[in-house]
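Dear colleague,

Please find below the structure that I am passing on to you.

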Amino acid sequence: MLLYEHPLSSYAQKVKIALREKGIAFTVETPSALGSGNSTGPFAAASPRLEVPTLIDGEARIFDSTIILEYLEDKQPSPALLPRDPLARAEARMIEEVCDTLYEAINWGLGEISWFKRAEGRLADDMKAKAASQTRELLEWLTGKLGNNDWFGGTSFGWADLSVAPYLNRSVHYGLGPAANTPLAAWHKRLCARPSVAATFKEFEAATQGMGNAAERLASGAIRREYRDHRLEWMMKSGGVQVVLDGLARNNIRFTWPLG
Ligand SMILES: N[C@@H](CCC(=O)N[C@@H](CS)C(=O)NCC(=O)O)C(=O)O
């Protein structure tokens, strides 16, 4: 299988953890024009939203991390990542949904500020403070979901765990992770000990090193960031209206296909 990805993408990390847990061989490629909205060729043909992750498996072309996870589970059911019990399945899917939409948007917003320098000074401080308190709220919700279990799925690692993993780990990267000696901190430690996760997080950490020139790349016009659905909402609800207006004026914000 070929996975179009970017190591910083939490969505791609979910898929890589699943592939590694299932022991499926895969190669990775980061599309050259990713982030510009100008991708062409096989990646663009496979992913009309021009988003990673996108999986190529023989004739199959599959985009969206959740759909890819479902495909992998259907194609190679063992080891199972989604539990059998209907309620446990619904719980895993709810956790994934919250993390993919609301949690991801907070981390992404912090990247827009810290890496791409969309806001500075007082505005940046205020937006970061909002992100920190939103993160705390989500960690509290996740603490309730974990309860006294080792894993979100109960006794074994699974779908919900790999769905929380990249997001919570990114909070740790930003210094917003769970407090020491809490159940979530212990979960994160257990998580990092899994080879599938350790390999994926190592690739994430290596890629963060290359973000030092992100603001220059944005200013050069090489990048037009996709302000889609929850990400745009995060900006609007967290004090970034001016960020959006500035980005539109400078033409370094774009929206999602179809544009008409
Ligand atoms: N719902 C999608 C979201 C995928 C997504 O937003 N991917 C981002 C990277 S994190 C992307 O490829 N954006 C394209 C761009 O920024 O040009 C999924 O679950 O896979």
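An open sheet of 4 strands, in the order E2-E1-E3-E4 and with mixed pairing, is found in this model, which is a predicted one. The edges of the sheet are strand E2 (27-29) and strand E4 (60-63), each of which pairs on one side only. From one strand to the next, the twist averages 20 degrees. Strands of a sheet pair through backbone hydrogen bonds, in either a parallel or an antiparallel manner. For strand E3 (residues 54-57) and E4 the sense is antiparallel, and their pairing extends over 4 bridges. Leu55 has Ile62, in E4, as its bridge partner.

Turning to the interior, nonpolar side chains in soluble globular proteins tend to be buried together. Here the largest nonpolar core comprises 50 residues, and Val15, Ala18, Val164 and Ala165 are those with the most contacts inside it. Helix H4 (residues 86-114) supplies the largest share of this core, namely 9 residues. As for Val15, its contacts, leaving aside neighbours within four places in sequence, are Leu3, Pro53, Ser65, Ile68 and Leu69.

With kind regards

Definitions and conventions. Residues numbered from 1 in each chain as written. Predicted model: local features only at pLDDT ≥ 70, side-chain atom pairs only at ≥ 80, totals over all residues. Core = buried A, V, L, I, M, F, W, Y, C linked by C-beta atoms within 7 Å. Buried ≥ 20, exposed ≤ 12 C-beta atoms within 10 Å, placed from the backbone. Helix = DSSP H or I, 4+ residues; strand = E, 2+ residues; numbered from the N terminus. Contact = placed C-beta atoms within 7 Å. Pairing = 2+ DSSP bridges. Axes fitted to C-alpha atoms, helices over the stretch in contact; angles between N-to-C directions.
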